Amino acid sequence: MAQKVKIDIDGKLIDMPVLEASEGFNVLDVRDLINEGIFTYDPGFLSTASCDSKVTFIDGDKGILLYRGYPIEQLAEKSSHLEVSYLLLHGELPTKTQLETFENSINQHMQIDKQFAKLFDGFNESSHPMAMVCAAIAGLASLYHDDLDISDPEYQMKAAIQLIAKIPTIAAMAYRKSIGKDFIDPDPELTYAENFLHMCFGESGETASVSKTLSRALDKIFILHADHEQNASTSTVRMAGSTECNPFAAIAAGTAALWGPSHGGANEAVLGMLIEISEISRIDEYIKRAKDKEDPFKLMGFGHRVYKNFDPRATVMQSSAHAVLEEQGASNDPLLSVAQSLERIAREQEYFVERKLYPNIDFYSGITLKAMGIPVPMFTVIFTLGRMPGWITHWKEMVSSPFKIARPRQLYLGENSRNYIDINKR
Ligand code: CMC
């Protein structure tokens, strides 16, 4: 049964409704508080639920992650990214026929219009691929705007298919641009992850040849990143989408939010940090810096707003990292030894134990992606690719029911009202 909460505002007792969750914390419904002339204050949403959702559940204390009720470990082991995308979008696992139809429609829409691809000509080879990916996703809004009806379930699903289908092609184009090579068309005979690897690393006019181990490991990475409830980028998609803008524009906003090192950019930052540390003997120095409040340095790949236990994605990622490194003959990669020692040393330290700072998914994903031959600036692009079905599912969930424009309030601490002073008198 939901708890009962009363609040006392200057002696006036008010019963606050508590909304009951199917899993996890119940939430105090503060929507009517405005009628009492008071707002709640929660910068960074530390204890605020911004919406209700049926997509993903995280129990941060127990280290549990469920997509539509299914544990991430089972999905990572048994499913595929496109099956998980279907699950997120539709709420249920597909039948064989439903999955085939979904895969076919993704395959049919992977191609990028040749005129549109000229957008990449505006960038130079040193442009960060995330800048190109943000621009290309926002640009897609120009192709899918005329029939925009966000309340139409058919339009919603069309937008979802286009985004999931086109993001590997866009991501690969950003990579090819950065190495100054021609784009490679998607091959409908390949799986989703194979296609991405082929479009990145294949040769124009040559038959695709992609390692099954690598494509399976990459598909697993996509699954692990597919959704994570109301994280910063997903909340950005919802916030932008709440203005009823074009969904491609809302997803571009989410992509920009993902880029930061506190969020999706952490995988790139982890690798940078491991390269900087480079030797086990230097780990203590970096641990000391991470603990020093005067030093802005943080141990990248450690800590999470929600997980106060092992990030279950990190556990799957760690074992996948070993498989990839073995396949690539990189089991003795010194960076892996630095990472493993860093994890062990950090987890023995009181500072990290007290604050429940555990390795997150980004700690091992960077090492895995590096071993796969994926260049460091592409790491956050891979996260974008994986997160696409999550973003579009949350957007779809929001616009499928009545919703309000996201418009937070503030605690104003600025000047009181005062009169304008003429410039000659200041
Ligand atoms: N290294 C050193 N200290 C840390 C770290 C870290 N990585 N993370 C948190 N802390 C400390 C923090 O300084 C604070 O200490 P104190 O209580 O003494 O002030 C305490 O732990 C609580 O941290 P917080 O900053 O209040 O936690 P948050 O929920 O606001 O931030 C976070 C979460 C992920 C942004 C943060 O842990 C962080 O910056 N980690 C490194 C970046 C990273 O790996 N990000 C990827 C997150 S997982 C991928 C994703 O889902 O996006």
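This is a predicted model: local features need pLDDT of at least 70, side-chain atom pairs count only at pLDDT 80 or more; totals for chains, interfaces and linings use all residues.
Biologist: Happy with that. How many helices and strands are there in the chain?

Modeller: Both are DSSP runs numbered from the N terminus, helices being H or I of at least four residues and strands E of at least two. By that count, the chain has 17 helices and seven strands.

Biologist: What is the radius of gyration of the chain, and what does the globule rule give?

Modeller: The radius is taken over C-alpha atoms, and the rule is 2.2 Å times the number of residues to the power 0.38. The chain has 426 residues and its radius is close to the rule, so it is as compact as a globular protein of that length.

Biologist: What box do the C-alpha atoms of the chain fill?

Modeller: The box is taken along the principal axes. Its dimensions are roughly 75 × 65 × 60 Å.

Biologist: Is helix 16 largely enclosed, or open to the outside?

Modeller: Buried means under 20% relative accessible area, exposed over 50%, and partly exposed in between, with a 1.4 Å probe and protein chains only. Helix 16 covers residues 361-371, and its buried residues include Phe 363, Tyr 364 and Leu 369. Ten of its eleven residues are buried, so helix 16 is largely enclosed.

Biologist: Which helices are included in what covers the buried residues of helix 16?

Modeller: Thr 368 sits in helix 16 and is buried, with a relative accessible area of 0%. Leaving aside neighbours within four places in sequence, Thr 368 touches Ile 221, Met 317, Ser 320, Ala 321 and Val 324. The cover of the helix as a whole includes helix 8, helix 11 (266-277), helix 13, helix 14 (334-348) and helix 17 (379-399).

Biologist: And which helices do the buried residues of helix 9 pack against?

Modeller: Helix 9 spans residues 232-241, and its buried residues are Ser 233, Thr 234, Val 237, Arg 238, Ala 240 and Gly 241. They pack against helix 10 (247-258) and helix 17.

Biologist: Which residues of the second largest pocket's lining are the closest to its centre?

Modeller: This pocket has a volume of about 490 Å³. The elements that give two or more residues to its lining are helix 1 (72-78), helix 3 (96-108), helix 7 (192-201), helix 8 (212-225) and helix 13 (312-327), and helix 8 gives the most, with eight residues. Of the 27 lining residues, the closest to the centre are Ser 80, Thr 191, Ser 215, Arg 216 and Asp 219.

Biologist: Thanks! Lastly, what percentage of the 426 residues of the chain count as buried?

Modeller: Helix 16 contributes ten of them. Over the chain, the buried share is 48%.

Notes
Residues are numbered from 1 along each chain as its sequence is written. Side-chain values use heavy atoms; hydrogens and water are left out. On a 1 Å grid over the protein atoms alone, a cavity is a set of points where a 1.4 Å probe fits but cannot get out, and a pocket is an open set with protein on both sides within 12 Å along at least five of seven lines; lining residues have an atom within 4 Å of a point. Grid points are joined across faces, edges and corners, and a volume is the space filled by probe spheres set on the points. Contact means heavy atoms within 4.5 Å.
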